[in-house]
Amino acid sequence: MKKGDRKKTADRKIRIYENAEAKLARLEAEVAAREKSPVPTDKPVAETLETGRTNIFLLGAVFIFTLLIAKLPFSDFIFGPLNQFATMIHEMSHAIACVATGGHVTSMTIVPDGQGHGGLTSCIGGIRFIHYQAGYLGTAIAGCLLIFFGQFKHRSRETLIAVGAIMLLSTVLFMGPGILSPMFFQALASLIWGVALSLATIYAGLKLKDSMANLVLLFLAINTAMDSLRSITMVMTASIFARHIFSDATNMEQLFGMPAILWSLLWLALSLAMLALTIWLCYFRKR
């Protein structure tokens, strides 16, 4: 190799070495800068927190809107299905509590029986102290859960699908056997309502955009929570003025001695406490 060629080769090696050193220095500088700078906020988490902060205003707006239109002539077209949804949750709570405590559900209905009951759940076995109280308290708990999940706008569609699926399963398991009972027509009407409500909830989760699905979820949350309180006050009134109508409260009175009015007051206090705690944890607690 000629002297000139050797010099060119040596110069080329020096440049390669210098370039490698420069790249290594830049890489070290980038690593050091990243270690000193704060970790960037995860975008989905940030969006979730922002939704949680703003949804309290939407929740309040839904509540006020519900109060304003509740007494209008056309309100039944809106609140009919919503009230039926709350009745479904009430009776499902009885049924699930019965099965969870070792009992067996013989029938479940969610349509009026003409004797002052919006729905009935018949159960054999189980712990009656639990499943008798599960209707009103279970509805309040369901309302709290829907309010909680209503914080997460980007999860509203999945929440609606899950709620609809649970309702559909409960319809088949708990209403189906009633078809073979003497309450055939009431059971059939309940089964139709149950399937319709379940499929409508699932459809809403599949087809609606996140913002609209979130609004539907909040409407269900507010109506379910309000229905729990409204139903308990109706039971309190019946405990005083219409004691011939049996209810969860009168059943508890017969079994455990404490007056029905006191059971109603206890459920009302627990429901209000759960709702207040849920709203505080979701929207007012420092994050």
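1. The link of Cys98 and Cys123 is right-handed, with 55° about the S-S bond. This is a predicted model, in which local features need pLDDT of at least 70 and side-chain atom pairs count only at pLDDT 80 or more, while totals for chains, interfaces and linings use all residues. Residues are numbered from 1 along each chain as its sequence is written, and side-chain values use heavy atoms, leaving out hydrogens and water.

2. The S to S distance between Cys98 and Cys123 is 1.6 Å, and the count comes to one disulfide (a pair of cysteine sulfur atoms within 2.5 Å). Cys98 lies in helix α3 (residues 75-100) and Cys123 in strand β2 (residues 120-124), 25 residues apart. Helices (H or I, at least four residues) and strands (E, at least two) are DSSP runs, numbered from the N terminus.

3. Cys98 is buried, at 0% relative accessibility, whereas Cys123 is partly exposed, at 26%. Buried means under 20% relative accessible area, exposed over 50%, partly exposed in between (1.4 Å probe, protein chains only).

4. Cys282 is in no disulfide; the nearest cysteine sulfur, in Cys144, is 8.6 Å away, too far for a bond. Cys144 is buried at 8%, and Cys282 is buried at 4%.

5. Gln133 sits in the loop between α4 (128-131) and α5 (134-149) and is buried at 9% relative accessibility. Its side chain makes a polar contact with that of Trp267 at 2.9 Å. Such a contact is a pair of N or O atoms within 3.5 Å; within protein, one must be able to donate a hydrogen and the other to accept it, and residues adjacent in sequence count only if both atoms are side-chain atoms.
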